[in-house]
Amino acid sequence: MTSRGETRAPEIDVLECLALLVVPAVLVGGAATLAGGDQSVPGLFVGGLFGAMLVGYRRLFYAVRTDEGIERRSRAARERASDHWTVRVARAEYDPRVEWAVVALAGAVGAVSLASLVLVEPGRRPPLRLVLFGALGLPAALFAAVVSAVQD
């Protein structure tokens, strides 16, 4: 990947990504605190999201030490896409019954979570994790069932 006299500099990549993630979060959070008072947490969140986008763009390049100093090189499209673990998982061959097992498991988790909201301690405030599992489990099962049926 690198020619003679050049070495990869992964520590530069990590430090630049860390700076791109933290600096926008601190700047936007600080500006929100100065402007609105109690808005530091949403400001940190919005700044963190912006920083995460910048890190995503920064990961398209890698740092190389040369005789002239540090240079950035573009990652090859092949290296970015086909070597990613999600592409390898998507291309994996497996039995179609596995899809229906995932559908059944996600549906069961969603149904049990929603049922437990009503049946277990009905007078108390429900734990957030039960609400999230119930609200996400059933749509995830429906989505997986539709995808599996379309692929057949």
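**Strand pairing and helix packing in a predicted model**

Q: Which residue in strand 2 stands opposite arginine 8?
A: This is a predicted model, in which local features need pLDDT of at least 70 and side-chain atom pairs count only at pLDDT 80 or more, while totals for chains, interfaces and linings use all residues. Residues are numbered from 1 along each chain as its sequence is written, and side-chain values use heavy atoms, with hydrogens and water left out. Strand 1 and strand 2 pair in the antiparallel sense over two bridges, where pairing requires that DSSP find at least two bridges between the strands. In strand 2, the residue opposite arginine 8 is valine 64.

Q: What is the order of the strands in the open sheet?
A: The protein has six helices and three strands; these are DSSP runs numbered from the N terminus, helices being H or I of at least four residues and strands E of at least two. Along the sequence they follow the pattern β-α-α-β-β-α-α-α-α. Strand 1 (7-8) and strand 3 (69-74) are the edge strands, each pairing on one side only. The sheet is open, its pairing is antiparallel, and its order is 1-2-3.

Q: Is threonine 66 buried or exposed?
A: Threonine 66 belongs to strand 2, and its side chain makes a polar contact of 3.5 Å with that of glutamate 71. A polar contact is a pair of N or O atoms within 3.5 Å; within protein, one must be able to donate a hydrogen and the other to accept it, and residues adjacent in sequence count only if both atoms are side-chain atoms. Buried means under 20% relative accessible area, exposed over 50%, and partly exposed in between (1.4 Å probe, protein chains only). Because its relative accessible area is 14%, threonine 66 is buried.

Q: Which backbone nitrogen does the side chain of aspartate 13 reach at 2.9 Å?
A: Aspartate 13 lies in helix 1 (residues 10-36) and counts as buried because its relative accessibility is 11%. Leaving aside residues up to four places away in sequence, aspartate 13 touches Arg8, Arg58, Tyr62 and Ala63, a contact being heavy atoms within 4.5 Å. The backbone nitrogen reached at 2.9 Å is that of alanine 63.

Q: What is the handedness of the crossing of helix 5 and helix 6?
A: Helix 5 (residues 96-119) and helix 6 (residues 128-151) pack at about 155°, with axes 7 Å apart; axes are lines fitted to C-alpha atoms, for helices over the stretch in contact, and angles run from 0 to 180 degrees between N-to-C directions. The two helices are therefore roughly antiparallel, the class for angles over 145 degrees, with under 35 roughly parallel, 65 to 115 roughly perpendicular and the rest oblique. A crossing is left-handed if the near helix is turned anticlockwise from the far one by less than a right angle, and right-handed if clockwise. The crossing of helix 5 and helix 6 is left-handed.
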